[in-house]
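Please open the model in your viewer and keep the sequence panel beside it. The stops below say what to select next and what is to be found there.

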Amino acid sequence: MLILSVIVSSLVLVAAEEYTSAQYCDKTTKSCGNNDEVSYGKKHIFYDVNPPEGFNLRRDVYMRFAIMLAEAQKQGKDNWELVLPPWYNLYHWRSGRRQPTPWNKYFDIKSLKSYSPVVEMHEIFSKTKKKELEIDVLYILENYENPFENGVFNEKWHVKGECEYDGLYWGYNNITAKEVLCVQFQGKVSQLWELIALHPHASKIMFTHGEIPLHDTYGTKSYWDCRKSMKFNKNLIHIAKDYIAEYLKCKTERCATYLSVHWRRQDFARSRGNQVPSIAGTAKQIRKAFKKLPDMNKVFIATDASMSEINKLEKALTDYGYETHFFLPSPSIIEEYGDGGIAIIDQIISSHAAYFIGTHESTFTYRIQEEREILGFESSTTFNRLCPDTGHCEKSTNWLIVD
Ligand SMILES: Nc1nc2c(ncn2[C@@H]2O[C@H](COP(=O)(O)OP(=O)(O)O)[C@@H](O)[C@H]2O)c(=O)[nH]1
Ligand SMILES: *[C@@H]1O[C@H](CO)[C@@H](O)[C@H](O)[C@H]1NC(C)=O
Ligand SMILES: [Mg+2]
């Protein structure tokens, strides 16, 4: 009994000590604890995403973390910053950009920062005195084998123990982790604070598989506030607007001169063949939409299709009498912005069209629809989809903006 109480009280003491030193670390701008580098009083959350996931799902994962940090900040927890994971080796990006790319290439960082405490990786590097950046704790998130135990989805997590990280640290070979833990996780992203609290000394915590934690709330005001802050890099906006003015003859935010289509092909055409239309079927559906838009005959197609598919669709639409446009980047734009930038330009041009038709269940399409909600388009011009040639065609969900 006596022994037990001694153990308990010394545990309490240790915990108290940890608490004070953590407090001290937060306030100082110099080195603290066992951490021999300048941390300017901030702690950092890093994350990465399952490698095969594309750009637009990653934008959604960003929002989960950005909202988590912004909400914490509102509640006075203001010592954490989110490190923007550089873009590296994306599965769909075949040309250009083999180096880890910072977020400012694609987004307006000032605008991101106006919503949530985010920093670029190079800001962290520039404050790191050592040759390597050391993550204190790296959590490898895993799904539970059975998310519906006893038929219910409960929020929970379970640290399985130490394990190995075989990821790429966003393409950098000078990042390491002191401790790597595998943890099963299901539920909302804010539940990650519980994992963070297990390591009061840690100032750099990383999560892999950032796509596993879910939005705390989807489609609420915080969701849209965050979404509105995700403005694109100004140069990309300029390129898109110049194109719209020159080829689509529009100089306003909500154009009345063209219809746009997100025609998702590649892996969608291969693995969801019965959910996407044929080339002829696509042209027919565009013709049907034009019937509702008298006096309009310009169509802009955003697509990841091959050149031969593009030529076939263009021919079919031209035969119907429509003026058909695709954004064909110059070599210098490809060099400067790569496939990621070109995809964003396609998205911006699609966003401003009088009428939009997207691809079912494509996050690329979802992001265009959100942009159109922000621009104030009538939702009937936005939540339209290409249907398969035959069979059932489920209606698009209308994700309406909340101001
Ligand atoms: N330029 C361009 N690229 C596209 C288009 N559609 C898809 N892609 C590329 O394919 C990727 C698809 O992945 P993701 O963004 O996750 O969207 P999802 O797979 O359609 O949900 C995009 O990030 C682009 O790199 C398009 O219309 N234009
Ligand atoms: C790690 O490598 C990258 C790319 O070479 C470099 O920009 C960065 O400064 C390095 N980080 C550190 C802490 O030395
Ligand atoms: Mg995808």
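**A tour by selection**

Begin with Glu361, which is partly exposed at a relative accessible area of 41%, where buried means under 20%, exposed over 50% and partly exposed in between, with a 1.4 Å probe and protein chains only. This is a predicted model, in which local features need pLDDT of at least 70 and side-chain atom pairs count only at pLDDT 80 or more, whereas totals for chains, interfaces and linings use all residues. Residues are numbered from 1 along each chain as its sequence is written, chains are lettered from A and ligands numbered from 1 in the order in which they are written, and side-chain values use heavy atoms, with hydrogens and water left out.

Arg272 lies in the loop between α8 (266-271) and α9 (279-291) and Glu361 in the loop between β13 (355-357) and α12, so the pair ties together parts 89 residues apart in sequence; helices (H or I, at least four residues) and strands (E, at least two) are DSSP runs, numbered from the N terminus.

Next select Glu371 and Arg227, whose side chains meet in a salt bridge at 2.7 Å, N to O. Glu371 belongs to helix α12 (residues 363-375) and Arg227 to helix α6 (residues 221-229), 144 residues apart. Arg227 is buried, with a relative accessible area of 0%, and a network of salt bridges links Arg227, Arg367, Glu370 and Glu371.

Lys315 counts as exposed at 53% relative accessibility, and Asp319 is exposed at 56%.

A nitrogen atom of ligand 1 is 2.9 Å from an N or O atom in the side chain of His262, and a polar side-chain atom of Asp346 lies 2.8 Å from a nitrogen atom of ligand 1. Taken alone, ligand 1 exposes 560 Å², of which the protein buries 91%, the areas coming from the Shrake-Rupley method with a 1.4 Å probe.

Finish at ligand 2, where a polar side-chain atom of Asn174 lies 2.3 Å from an oxygen atom of the ligand. Ligand 2 alone exposes 360 Å², and the protein buries 53% of that.

Notes: Polar contact = N/O pair within 3.5 Å; in protein donor to acceptor, adjacent residues only side chain to side chain. Salt bridge = Lys/Arg side-chain N within 4 Å of Asp/Glu carboxyl O.
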